[in-house]
Structures are given as C-alpha cells and as structure tokens.
Amino acid sequence: MSLADLIPLITLVSPRRVVVVGASSTRTDATGNQVLRNLRNGGFTGRIDVLSRTGGTIEGIEALSDVSEAAGADLAVVTLRAGAVLPALHDLAAVGVTAGLVMSVGFTPDEIRAIKDFSRDSGMHIHGPNCMGLINVHDRTMLWADEGILADLPAGNVAIVSQSGSGAIFVARSTSGVGFSHIVSTGNEAALTTADYVRYLAEDSRTGVIALILESVYDSDGLARAVEAAREAGKPVVALKVGSSDSGRAATLAHTGAMLSNRTVIDAYMEQIGVPLLADYDELAAAIDLLARVDWQAIGAGRTAIVTLSGGQAALAADLAEQVGATLARFSPETQRRLEEVLPDMHAINPLDAWGSADADDETFRRTLQIVSEDDGVDVVLGVIDAQSSLSAIELEYEDDIVDAFTLLNAEADVPVLLASSSSMTVHPVRVPATDASIPVLRGLRNALTAVRAAARVSGQGPRLLDRPSSVPSIAIVEEIRDSLARTSGVLDRDSMRRVLGAYGISPVSSHSFGDVDEAVRWCERNGYPVVAKIDSPDITHRSDVGGVALGLQDEGQLRDAWAAILESVHRHRPDADIRGIEVQRQIPAGIEAFLGFVSDPDIGVAVGIGIGGVLVELLDDVEYAIAPLSPESAHRLLDGTRLSQLLDGFRNLHPVVDVGSVVNLLVKLSWMADDLKDTLAAGDLNPLIIEPATGAAFVVDALLVAQERSGDGVPALRQGAAADS
C-alpha cells in the first residue's frame, strides 16, 4: 500500500459523513440501527445519514430514499442481507462514495471473491464483510455493530486489528489501564486486509503499539512490508494466531505434512518478519500492557532479573521462565558479592527471594532492588507480588511498601521495572495502574514472562531480498517446469520427480523401476550388488509401513526372495494400490540419516525443514523449519538448531566431525525449488538423506514430491528475488 493509498483509508477510519444502509424502521435491534445509535451516543461529530428505499424516519433521522442523495459521503456502512450487498456497493460507488464497511454475514466464497474483484475494479475501499466494524477512539467514531460494546474505552496509543470481533473485545477488556487509538475488526478481509491497517497505523501519530489477532494471513508479502514500516516508525507489532488452516490434503502424504502444522508455518513466518507470537488472549493482553508503558527498545535482549517475596515464588518463576523460553539474567560475581553482603545468609541467584534472609527488612529490600538493577547483565527487573482481586484490605496494605519500592526503583533505574501478579486470575482495582502510570502490573507471572520475551523479539530485522543463486535454474526453466506440472495432482511419478529435482541439482541415488524380476536381475548384474528393492506405487508414499522395502540384497537369490516378499506384503496391506513395479537402487553404505522437507501453506508461503531422518522421522520429531527460500547462512543456522547437528558434530565421539557443506547446499537448493514451485508443489521430502561421516557427502536415497490439487485458477508470476530470513 502506497502513501497515496492511505488517503481513502483515512476517510474510512475518520469519516466526516457516514451513510448507513440497512437500518430498519420497524426493528430497533437491527444491526444498522445499533450502528446509528453507537455513532450518535459515542459522540461522532460528523454527519449521519440513513439510506432506505421506503424513506421515513429511522432512529430519529429522516431517511434518504434515493442512492443519489448519498453522493459525497465518505463511508457507507452496509448491513443488508448478503445477496443485496454487492448491488448496493455498485450503486454507492457510482455516486462517488469512496469506502464501504460491510457488516453483513452469510457470504459464500464466490460472493466474497466478487466483492474483492469489485473493490479492485472500482477503486472503492471495502472493509469486511462479516465483521464488527471499527472504532476510532480518539475521534469517538463508533462504527461498531453491537450497541454499547467497547463504548467507554479510554483514548491511548494501542491499536488492535482483529479478524475476530469477539477477540478484539476480549483483549481490549483484558488489559490493565492502557488506552486505545483504534479497534479494528476486519472479518473476511475480502478487500482491505490486516496488512493495509498495519500500514495505516504505522503512519498514524496517535498509535504506538499494534496488536494483531489473526485467523488467516491473506497478504503475507504485504504484511511483511507493513510490519517493516511500523518498525521504522518505532512501533512494535505483536500477534496472536488462532485456529488452523488445511494446507491441502496432498501435503499430508509427505512426512513434512504429517509433522508440520499451520502453527509451525506461522511461527516461522512471524519469526522472519519480526512479529512475536503470543499463545492466548491473556499473553497478548500482557504484551500490550508492557509495550504501551515501557520503551520496548530499552528491554534489549530481555535478560530478566526476577525478584520475589518467597522461596516458593522464586522456584516457580524459574520453572515458568524455562517453560516459556524467557531469558533469565545471570548475576555477575560482583552483583552476587554485593547481594550477599546485604543478605548474608543467602545464595544470591536469579530468581531472587529478597525476603529469604533473616536480616531482610524494608531498607535491605530497597537496597537489593538497586543492586540487581545495576548489574550490566540485567535488561529488565520483574517484581512478583500478590495482586488478585480477592485480597483483603490488610493483605493489600502489607504489600503497599513493596509496590512503592518498585515504583521508586522504576523512577531511578536505567532499566525498565515491571510488576507481575503471582496469579493470572485477576488484578485488584487498587493495583490497576492509571493510564499515565509508568510501571505496569501484568496479570500473571507466566503472562509477564511471555510479554518480556515478546518485547525482546520485536526488534527483528524483517525479511530481506535474496539474490537468486547460480546453483538453481533460471526463471525461464522454472516456468517450463511449472507448465509441465500444470495439470498434475497428487504424488509425482518417479520420472517427473527426478526431472524436477534434477533441474535444481538434486540427484537421487541411481535406480530403476522394473515390472519383471528377470529385468531387475539383469540390471543388477550390470551395475552390481548390494542393492535396495522398493515397491513402486503412486498410492504408497511411506513404503516401509507396508513391508515395501528390502535392504542390503547381496545377490540374485536375495533379490528374487525380496521381490516376492515385497509383493506379498503390499498386496496384503494395500490390495487396492496401483502397483507399477519394484524400484531397484544401488545400496549406499551406512551413514547418518537426515530428513529435508517442505510444505506450502496457501496463505503464507513455504516452510522448509531439516532434522534427523529415516523411518523414525515422525517419532523423533527433530525438525526445525523456516520460511523459504534460505541463504547458506540461514540454512546453516537452521541445521544448528537440530539434534542432527549434534550428530554431525561428532556426538560422544561416535565419528569425526562431519563437514556439513553438502547438506547445507542441498537445503538451500530445496528451499529455492519449494519457493519457486509453491503454487505447483504442495509438499516434498528427501528422506532418508544418507550423510557419509568421512566425507560429508550427502546421498538422496528416497524422495517424494506432492503436487497441489488443481483448482483451475491461474498461478502468479515467479519473482526475480524472494523475501527470506536474514
């Protein structure tokens, strides 16, 4: 979205004249009527009109009976039945209405596509459908479907963009004392997407924090660019992804499809663009509370010093930090020495029980906080207190001095200071900070730790454009491959698979498929033993599961015996399978078995992974994923995160350290192939990949490529470069 594109979006978010289409003269509970009352009661200062063919008075407003009277309106709020929406949008666009907010529900996929096409062709900015609307809190513009909902939000710097209206309501009401600039419920995103609103909010001077609640990512490239614009404007973006999408039935035929969930793909994508993902509404609300009050850049790496009031709380804090992946600061020897002078009968470790010493009192507590905050290895000081709403007045008073000590530290320290309630149940009204308070009280220790972790991650650099390496085929050749697979669905046959892999310099071990055992024997006599025999069937992807593989066959007799045994086993397990023969392959000496694979997500892109392979690949679950394509450096980092890397590094002296250059090179090639052909291939595996310990040579023993199910739609043009992780 260009800056010029923001101008009509501004008229949608801050309209001066709104016309409501679909209000009723007989039903006060109709959505259009509730929108009218929200606008009026919320303090909207612009002009409000109602368009109704029957005319008359609706909610005290004289209705316009002809669409021509809506000319000049900035925004039309449409609440008609689904089938009447598109004709109404045509009429409104014809008289110059520049934006439409469609709250109607019940659309078919074809109807949603028609709205998208109309928006593109007409230039009319369309929000929705199937949404609650949007609220511009500072301007008191309540374009919201349900009367009175979120009507009393305080103004502030937090914007929530949510595909779920209820999700936006829940998170907004779960924060503690922060204010809001915008609440946006985007619904089906037929035209305007989350990316468009993030781009708008990046330019909005009244927004400082952007929180997303996503069910799908409709414009992954656009969202990456929008997040980068927000980052450049100094505005952190955090997100919650709810639900999952089916990446296609064909993808589950590959090991990758079985191991890779939509959550894995979205995790890799969000990591790439620098948007921390939170696990639930509570975690997202805590991240909002923190980011709205604290300079997120001051949190740095998020090395957290936790100060508690009991040993049990300290132990729990250590457990939770490990569970959520928070980074605990390691006290320096000097800090430990100073702390043990103040608390002489304690071992000064983080998390720290600041009341665990017999000498502890209010003065030593304040001194303890100061010492902790002055450690160069501490980025954040997090205090744990009891703050739940069930506390009595006496119990609250008991902790008042503790809260005061942290508040004073926050005013004096060079690092951010936070408070977390030991319980995520509630926060007592006495402990809810005012919107202008500088120290947040986060609801729940786990939520607080995830919020700090998120704040430490929002400084990611985002994607960069990778130059196309010379080791992969040219754009012209890739287009030829795409054309050759245009009518292919499901598992690629052996020859097609080898052609595709070969174009990227990926060569499976020499093999041949035979329909007759005598032909196989003659091939082996020419090429030598030992060999491997495998069933050749497009219906059987995991051949060892049905007894379809025989290893280490040393001579003709073993080959004939294995041939008969494979056919017998396969017929018994899969009598319905299409058997095209048996593939015979040169036996590769034993080595380290690896797995390389990819899966294409219809909305986000391609995730490529690597880990320990072989028949136990799914059981071991040692796979790290990232969004394709990969540079050699990012491929190496991905490998480093696996247990496979430990094996290659000579784990317990099982073998010498293995040169990983060949494996990294294969992973890079596979990642480019997967990205180039993401609209053609749904998933793929190289498993096992046998790595020779002595040389690092990598042999592709088995491979599987699965084509996308054909929908009849066209495919987008291949990019000259590709966004990838840095």
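**Rings, helices and one buried isoleucine**

Reader: Starting with one side chain, what is the relative accessible area of F170?
Author: F170 has a relative accessible area of 42%, so it counts as partly exposed, a class that runs from the 20% limit for buried residues to the 50% limit for exposed ones. Please keep in mind that this is a predicted model.

Reader: Okay, and how many aromatic pairs does the structure hold?
Author: There are four aromatic pairs in the structure. One of them is made by F170 and Y281, whose ring centres lie 4.9 Å apart with the planes at 35 degrees, so this pair is classed as tilted.

Reader: Which helices do F170 and Y281 sit in?
Author: F170 belongs to helix α5, which covers residues 165-174, while Y281 is in helix α10, covering residues 281-293.

Reader: Which class does Y281 fall into for accessibility?
Author: Y281 is partly exposed as well, with a relative accessibility of 25%, and F170 is in that class too at 42%.

Reader: What about F365 and F406, how are those two rings arranged?
Author: The ring centres of F365 and F406 are 5.7 Å apart and the planes stand at 80 degrees, so the pair is edge-to-face. This pair also links distant parts of the chain, since F365 lies in helix α13 (residues 362-373) and F406 in helix α14 (residues 393-412), 41 residues apart.

Reader: Are F365 and F406 buried or exposed?
Author: F365 is buried, with a relative accessible area of 2%, and F406 is buried too, with a value of 0%.

Reader: Which residues form an aromatic cluster with F365?
Author: The cluster consists of F365 together with W355 and F406.

Reader: Staying with α13, I'm curious about I371; which residues does I371 touch?
Author: Leaving aside residues up to four places away in sequence, I371 in helix α13 touches T335, R338, L339 and V342.

Reader: Is I371 buried or exposed?
Author: I371 is buried, with a relative accessible area of 1%.

Reader: Changing topic to helix packing, how do α10 and α15 cross?
Author: The axes of α10 and of helix α15 (residues 445-457) come within 8 Å and cross at roughly 60 degrees, which makes α10 oblique to α15. The crossing of α10 past α15 is right-handed.

Reader: Which residues make that contact between α10 and α15?
Author: On the α10 side the contact is made by D282, E283, A286, A287, L290 and L291, and on the α15 side by N447, T450, A451, V452, R453 and A455. By class, this contact has seven nonpolar, two polar and three charged residues.

Reader: And at what angle do α21 and α23 cross?
Author: Helix α21 (residues 632-640) and helix α23 (residues 661-676) cross at roughly 115 degrees, with axes that come within 9 Å, and that makes α21 roughly perpendicular to α23. This crossing is right-handed. The residues involved are P632, A635, H636, L638 and L639 of α21, together with V664, L667 and V668 of α23; they divide into seven nonpolar and one polar, with no charged residue.

Reader: How do α3 and α4 pack?
Author: Helix α3 (residues 82-94) and helix α4 (residues 109-122) pack at an angle of about 5 degrees with their axes 10 Å apart, and they are therefore roughly parallel to each other. In this contact A82, G83, V85, L86, L89, H90 and A93 of α3 meet E111, A114, I115 and F118 of α4, and these residues divide into eight nonpolar, two polar and one charged.

Reader: Zooming out, how many helices and strands does the protein have?
Author: The protein has 23 helices and 32 strands, and along its principal axes the C-alpha trace spans about 90 × 85 × 45 Å.

Reader: What share of the residues is buried?
Author: Buried residues account for 56% of the 726 residues in the protein. As for contacts, among those between residues at least 6 apart in sequence, 72% join residues at least 24 apart.

Methods. Residues are numbered from 1 along each chain as its sequence is written. This is a predicted model: local features need pLDDT of at least 70, side-chain atom pairs count only at pLDDT 80 or more; totals for chains, interfaces and linings use all residues. Side-chain values use heavy atoms; hydrogens and water are left out. Axes are lines fitted to C-alpha atoms, for helices over the stretch in contact, and angles run from 0 to 180 degrees between N-to-C directions. Helices (H or I, at least four residues) and strands (E, at least two) are DSSP runs, numbered from the N terminus. Angles under 35 degrees count as roughly parallel, over 145 as roughly antiparallel, 65 to 115 as roughly perpendicular and the rest as oblique. A crossing is left-handed if the near helix is turned anticlockwise from the far one by less than a right angle, and right-handed if clockwise. Contact means heavy atoms within 4.5 Å. Ala, Val, Leu, Ile, Met, Phe, Trp, Tyr, Cys and Pro count as nonpolar, Asp, Glu, Lys and Arg as charged, and the others, Gly among them, as polar. Rings of Phe, Tyr and Trp (its six-membered ring) pair if their centres lie within 6.5 Å; planes under 30 degrees apart count as stacked, over 60 as edge-to-face and the rest as tilted. Buried means under 20% relative accessible area, exposed over 50%, partly exposed in between (1.4 Å probe, protein chains only).
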